[in-house]
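I opened the notebook on two topics today.

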Amino acid sequence: MVGITGYGVHIPSYRLTGQAVGAAWGGPGGKTERAVANYDEDAVTMAWAALDSCLAGKPRGEVGGIYLASTSLPYLEMGNSALVASALDLARDIHSADFAGSLRAGASAFLSAVNGVKAGMAKSILVAVSDLRQAEPGSPAELEVGDAAGGLMVGSDNVIAEIKETISLTREMVDVWRREGEIYPHEEDARFIRENAILPLLKEAAEKLLKKAGLTKDKINKVVYTAPDARTSQTFQKSLGFPETSYPAVELYQKIGNVGAALPVLLLIQALETAKPGDRILWLAYGGGCDAFLLEATDKIGSFPNRGILAQALESRRAISSYGKFLQFRGNLPAEKVNPYTSTIILNREESAIIRLHGVRCQNCGERYFPPRRICKKCRAKDKFEDWKLGRRGKIYTLTKDHLPPTPDPPVIMASADIEGGGRFYGQMADCDPAKAEIGMEVELTFRRLHEGSGFINYFWKMRPI
Ligand code: ZN
């Protein structure tokens, strides 16, 4: 039996509210809000966070592949998935690949993972789907899009939802597009495209999948499909013709926005959160065609440890203090430039410490150090160290709030924390209300963008309140 063996999510904590947008541009703004990636987050860091939550309590050594899907990968050329694999400290002898170019990229990555496990290529494969959606300032789309990531684990042990059947359709269609060098996607004649291209495609995929599986619509417990927004999703329901109880709640669109390639996976996770053993889930993801899956929840679904994780992530939110700050987060306003020194040589040579967070343990006296060093401070032994993995949680030992460095979210909080299992970590804090930052605060390490220098992005770890 091959299927989903785990899932995880990452919803950035900041929300841009209709009120803030209304105050900036005039107009009511409405009650909806959307998730906003912090200034130090991107598709890579959000993918890491979703997979890190997916992997909680699971042995990482058994993962044999990692696929990363997004329409907003920070690097057009360079293995984004390899970077995420390294930050997750996965084994080095695994397959990795980036999937891009379509809102269906996540479903395509998932299908490849399913086929990879079925073919015996790997015991389990991780799929991360992460998107940071941009919209022109002041456009209606600004409140409709959002940023988030979802992670799925595909395998054959402890399956919570089995893959029963799949079909794929390929259709050239001009619905939403973005060309090389462009930041904002285009969408024209939206209503025509939605009703005459997207909806017929979803219907065709659903009918062909049901026919292949030998099922009728009334045998489906949950139908998961994407739409550009909540209203269109509700319009589609009437035409798709499944039992009314099988449709998903549209709250994701209203709470975090249309999160692009990540939306199909988050909607699937939303369905898995309430699925009962034996429930049949029909999952449709469109974009240049449609990938369709029939899944069946197993008796393992009720006791799955991450169940409820999406609802939790949706609740943990704080409104971004101003629309101006939102523009700064997205780099839409001129800001003071910092040109820090960075070196690809150091990054390559010290990948194990910088990205994998490996420190050292003294073989003579057992003292642990991060970052790695050559001489033990305790027993003075030289070059007698072995590889040791730094923990991921700790307690703030001391901190300072620095108002001088240019940052979209001042002040920069620099802290040092005692890490569970030994070692002390010094660095910046992330997602932290400065008024609440204090000594003794419990933190976890999170993978973020640190700065850009020499044309590339320095990723490193920051401390985030638990
Ligand atoms: Zn020592």
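Which helices and strands each supply at least two residues of the lining of the second largest pocket? I found strand 1 (3–10), helix 2 (43–54), helix 10 (309–315), strand 21 (442–453) and strand 22 (456–465). Helices (H or I, at least four residues) and strands (E, at least two) are DSSP runs, numbered from the N terminus.

I noted the source. This is a predicted model, where local features need pLDDT of at least 70, side-chain atom pairs count only at pLDDT 80 or more, and totals for chains, interfaces and linings use all residues. Residues are numbered from 1 along each chain as its sequence is written, and side-chain values use heavy atoms, without hydrogens and water.

Pocket entry. I read a volume of about 1,000 Å³ for the second largest pocket. Of its 33 lining residues, R393, E444, R464, P465 and I466 are the closest to the centre. A pocket here is an open set of points on a 1 Å grid where a 1.4 Å probe fits, with protein on both sides within 12 Å along at least five of seven lines; lining residues have an atom within 4 Å of a point. Domain 1 (3–329) and domain 2 (344–357 + 392–465) both contribute to the lining, so the pocket lies between them. The domain bounds come from an automatic or database assignment.

Zinc entry. I looked up the ligands: C362, C365, C376 and C379 coordinate the zinc ion through SG, at 2.3 to 2.4 Å. Donors are N, O and S atoms within 2.8 Å of the metal (3.2 Å for Na, K and Ca). Their spacing along the chain is C-x2-C-x10-C-x2-C.

Key. Grid points are joined across faces, edges and corners, and a volume is the space filled by probe spheres set on the points.
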